[in-house]
Amino acid sequence: ADGGKEHRGYLCISPRWSHQHTPRNVQEQGDGWPPRTVAACSARKVNAAAAASACEQRIVTLGVLYYNSPALLHNIMRGWATWPESLAQQFHFTVVDDCSTLEHSALSVVRANKPMYPIRVLTIQPPKIAWNDVGALNLLMHTATTCWAMRLDADVVVTPQAARGLLGLAERSDIDSVHMFNRENIGSVHPANWLFHRQAYWRAGGSDEDFAGSYGYVDAQLGWMLSQSGAKFRRHRDVNLTQVPAQLQRRLQHYPANFSKDSTHNLELHLRKQKGLAPLPTLYLRFRWHANTVTKRVRRGGSRRSL
């Protein structure tokens with residue numbers, strides 16, 4: 001069985017915002033966490049931008065943000081299983097489970113698929129934070145070791161042809177490029193599934209976890225922060241992603257009834273932050289998480305075992 005390790009969150013973010021603003025909405029979690037003041041926060045800084053500059057150049061991280069959607073994740077993993085080994089070896093595969101219920105956990109889905117290539121599963125621990133895709137994306141970018149990472153929703157599939165396109169973009173792009181892609185079966189560019197350099201991501205300040213708990217405007221806020229820090233968005237209609245139709249997607253996802261999609265709060269917060277009336281993020285990873293790596297490897301002689 002694959003082993004796992006629990007991690008404590010609520011780390012400080014070191015890019016330009018950390019010394020300017022007092023942390024907001026801090027709750028006591030014991031053991032001195034989270035830091036109570038800007039000074040304490042500074043003492044625990046994670047220099048994410050510097051860490052991202054010392055990264056693996058020729059490999060891309062594919063990170064799926066997942067919540068309570070086992071059929072969608074099965075679909076993604078069936079797609080990954082068709083990749084040639086020479087292509088798969090150029091990617092790191094990660095699934096970030098945003099505190100799914102036990103019966104719908106990403107770890108159980110990944111184990112059931114018995115992947116031939118290592119897949120890292122990062123599971124955010126209770127208590128559940130509603131609409132915490134901001135925290136899930138920060139966790140993906142915090143744990144990745146590659147220079148380039150692709151954020152994927154659970155309803156999007158990357159074909160081998162698209163994967164080769166991602167590798168080409170990562171190889172020839174400067175760190176300021178943020179790549180957006182066409183959805184071949186819908187005919188429009190996906191607004192949130194981006195390929196970006198981790199150094200540019202953390203230079204912008206990462207995803208703003210003040211938006212967690214309410215629905216909407218997460219991608220608009222991140223896009224604005226990236227643009228403010230010098231990133232350039234580039235749209236590609238020659239690299240196609242495949243998206244599960246929205247009607248089918250809704251049937252395959254299991255969201256609690258109390259998860260409101262009212263975006264009024266986050267729209268107001270987004271506008272206030274743009275006008276400088278609300279602080280930009282200081283802390284990230286406002287939760288604990290558990291990490292597992294799952295794979296099925298081939299022993300000499302052909303017998304297989306699960307790690």
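I looked up H270 and found its side chain in a polar contact with the side chain of Q221, at 2.8 Å. By polar contact I mean a pair of N or O atoms within 3.5 Å; within protein, one must be able to donate a hydrogen and the other to accept it, and residues adjacent in sequence count only if both atoms are side-chain atoms.

I note that this is a predicted model, where local features need pLDDT of at least 70, side-chain atom pairs count only at pLDDT 80 or more, and totals for chains, interfaces and linings use all residues. Residues are numbered from 1 along each chain as its sequence is written, and side-chain values use heavy atoms, with hydrogens and water left out.

**Entry on helix 11**

I placed H270 in helix 11, residues 264-274. Helices (H or I, at least four residues) and strands (E, at least two) are DSSP runs, numbered from the N terminus. H270 is buried, at 7% relative accessibility. I use buried for under 20% relative accessible area, exposed for over 50% and partly exposed in between (1.4 Å probe, protein chains only).

Leaving aside residues up to four places away in sequence, I listed F211, Y217, A220, Q221 and W224 as touching H270; contact means heavy atoms within 4.5 Å.

I then asked which residues of helix 11 are buried. They are N266, L269, H270 and K273. These residues cover an arc of only 100° around the axis, so they sit on the same side of helix 11; the arc is that of the directions from the helix axis to the C-beta atoms. The buried residues of helix 11 pack against helix 9 (218-228). After helix 11 comes G276, with a positive phi near 80°.

I found two cavities of 30 Å³ or more. On a 1 Å grid over the protein atoms alone, a cavity is a set of points where a 1.4 Å probe fits but cannot get out, and lining residues have an atom within 4 Å of a point. Grid points are joined across faces, edges and corners, and a volume is the space filled by probe spheres set on the points.

**Entry on the disulfide**

I counted one disulfide in the structure, with a disulfide taken as a pair of cysteine sulfur atoms within 2.5 Å. C55 and C147 form it, with their sulfur atoms 1.9 Å apart. The link of C55 and C147 is right-handed, with 95° about the S-S bond. The pair links distant parts of the chain, 92 residues apart: C55 is in the loop between helix 2 (48-53) and strand 4 (56-66), and C147 is in strand 7 (residues 146-153). Both ends are buried: C55 has a relative accessible area of 13% and C147 one of 0%.

**Entry on the backbone**

I recorded a cis peptide bond from P126 to P127, with omega near 5°. P127 is in the loop between strand 6 (119-124) and helix 6 (133-143).

N68, although not a glycine, has a positive phi of about 50°. N68 is in the loop between strand 4 and helix 3 (70-80). Is N68 buried or exposed? N68 is buried, with a relative accessible area of 3%.

K114, also a residue other than glycine, has a positive phi near 45°. K114 is in the loop between helix 5 (106-113) and strand 6, and counts as exposed at 52% relative accessibility.

Technical notes:
1 Å grid on protein atoms, 1.4 Å probe; cavity = no way out; pocket = protein on both sides within 12 Å on 5 of 7 lines; lining within 4 Å.
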